[in-house]
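Please look through the structure shown below, and then follow the account from one chain to the other.

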Amino acid sequence: MAATTESVRADAAEAPLLNKKNMILGSLLYVVFYAWVRWYEGIYGWSAGLDSFAPEFETYWMNFLYIEFVLEVSTAGILWGYIWKTRDRKVMSITPREELRRHFTHWTWLVMYAFAIYYGASYFTEQDGTWHQTIVRDTDFTPSHIIEFYLSYPIYIITGGACFLYAKTRLPTYQQGLHLQYMVAVVGPFMILPNVGLNEWGHTFWFMEELFVAPLHYGFVFFGWAALGVMGVVNTEVIAIAKLLKKDLA
Amino acid sequence: MSASQSAVRSRAEAVKVSRTFDWLILFTLFFVVLGGYHIHYMLTGGDWDFWTDWKDRRLWVTVAPIVSITFPAAVQAVLWWRYRLPFGAVVCILGLLLGEWINRYMNFWGWTYFPVNFCFPSNLMPGAIVLDVVLMMTNSMTITAVIGGMAWGLLFYPGNWPVMAPLHVPVEYNGMMMTLADLQGYHYVRTGTPEYIRMVEKGTLRTFGKDVAPVSAFFSAFVSILIYFLWHFFGKWFGGTSFTQSS
């Protein structure tokens, strides 16, 4: 009994398998931040975002763009650098319980990726449609682009990169090489950002009307398909977790 | 790790862990698929889906089912064939509709002030339910592609008809005959989208009478069958668990 008591004490003292606090704080970070961004768009889109030659456009939108560039590069560097620097060099010798705990942490990252992908690919991309079909663009850096292309896309790239790096540096499941579908799920949506180059080149070259289904946009479509790679990640995780649990859950 | 060790200490804990992962997986899958599906759909069929004056009897009926059967086919290929979960198509459509409705309220109406009854999304749910039920009942990819894919195309217009019918009644405005949906587009000007790029029914299909929507729906159903086959195999590939060996 004494040993059992010790064991229970040890259990109580150890970190929980799923850190719910991190999950809630992370989710709130995305939701509250993007709520603030949407508020900013609503206020300054109409009052300062219609004419890119106006001084107020420089104040409220170009400065926003410069600040987000700096913050994104810094965040990516610090976050990815931290995950890599603190990698587990003996990842294959961790205990099954520690491995399960890390799978939970990995899924906390994947849930954040889900938030980031939703806001980037769904919310701010279709929002860009209604903005440009309503307001005639006179610059590549429109208010909707400054949020969609240069804020929400980098954020899901940073989050996706963090997910992939976490799995690669801390989970035995991902040590046998590079997981193809995981790379597709992260690199594909990442490629949407370079594809902005094609998009802006086309819009500038042809200065065309705002047909959202124009073939110029099909690069976004192709790379958007890559999000389906998350199914391969799910399948890999299910296999790994089932092995760890070793229990008949039927 | 030791091959004989379990990561959990009791069956109850194993069940709890497993259920927690179920929720994490469902949440992540739902929103990531939502994002990929939404960007695909808005950029291949979006204009017909955004505005009621694009929701005609020919091109909307043709384009929307063809481009929207893609992700449901791919997700079914994983959820049914690996886990026997019969809701791959419905979960895709739920995600797409959630993303679209949030956007139409928060942005189309909330930012650019188009009324929601001018920019509500198309209803794809009837086809999704049939697609899932056919797969569940037959356990056959071929039958699902042929019967389910055909139903997907054919059910699209009837599934949207109760919502669209009131907007297709004719009105006379300044001496011109148009539909109420056209009149909405006339009043709610989209500066970046001039009228001449609107791709809607031009009337040539009426050569065979007035059966524009059924002919379009059958053509759409035919292509939807082919697209289902193709995307089923895309889904199988995306659901793979292969590793590339680093050199």
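This is a predicted model: local features need pLDDT of at least 70, side-chain atom pairs count only at pLDDT 80 or more; totals for chains, interfaces and linings use all residues.

A polar contact is here a pair of N or O atoms within 3.5 Å, and within protein one of the two must be able to donate a hydrogen and the other to accept it.

The side chain of Lys55(B) reaches the backbone oxygen of Asp49(B) at 2.8 Å. Lys55(B) itself belongs to the loop that runs between α2 (46-50) and α3 (59-68) of chain B. Although Lys55(B) is buried, it has no salt bridge, and the nearest side chain of opposite charge, that of Asp49(B), is 5.1 Å away; a salt bridge would call for a side-chain nitrogen within 4 Å of a carboxyl oxygen. Leaving aside residues up to four places away in sequence, Lys55(B) touches Trp48(B), Asp49(B), Phe50(B), Trp60(B), Phe120(B), Pro121(B), Ser122(B), Met164(B) and His168(B).

The chain around this lysine can now be taken as a whole. Chain B contains 10 helices and three strands, and along the sequence these elements follow the pattern α-α-α-α-α-α-α-α-β-β-α-α-β. Taken along the principal axes, the box filled by the C-alpha atoms of chain B is roughly 85 × 40 × 40 Å, and 56% of the 247 residues of this chain count as buried. Among the contacts in chain B with a separation of 6 or more, 73% are between residues 24 or more positions apart.

In chain A, helix α4 (residues 96-132) has 37 residues and reaches 52 Å from its first C-alpha to its last, which is close to the 54 Å expected at 1.5 Å a residue.

Thr159(A) is found in helix α5 (residues 143-170) of chain A, and it counts as buried because its relative accessibility is 3%, where the cut-off is under 20%. A polar atom of the Thr159(A) side chain lies 2.6 Å from the backbone oxygen of Ile155(A). With residues up to four places away in sequence not counted, Thr159(A) touches Tyr30(A), Trp109(A), Met112(A), Tyr113(A) and Ala116(A).

Terms used. Residues are numbered from 1 along each chain as its sequence is written. Chains are lettered from A and ligands numbered from 1 in the order in which they are written. Side-chain values use heavy atoms; hydrogens and water are left out. Helices (H or I, at least four residues) and strands (E, at least two) are DSSP runs, numbered from the N terminus. Buried means under 20% relative accessible area, exposed over 50%, partly exposed in between (1.4 Å probe, protein chains only). Lys and Arg count as positive and Asp and Glu as negative; His and the chain ends are not counted. Contact means heavy atoms within 4.5 Å. The expected span of a helix is 1.5 Å times one less than its number of residues.
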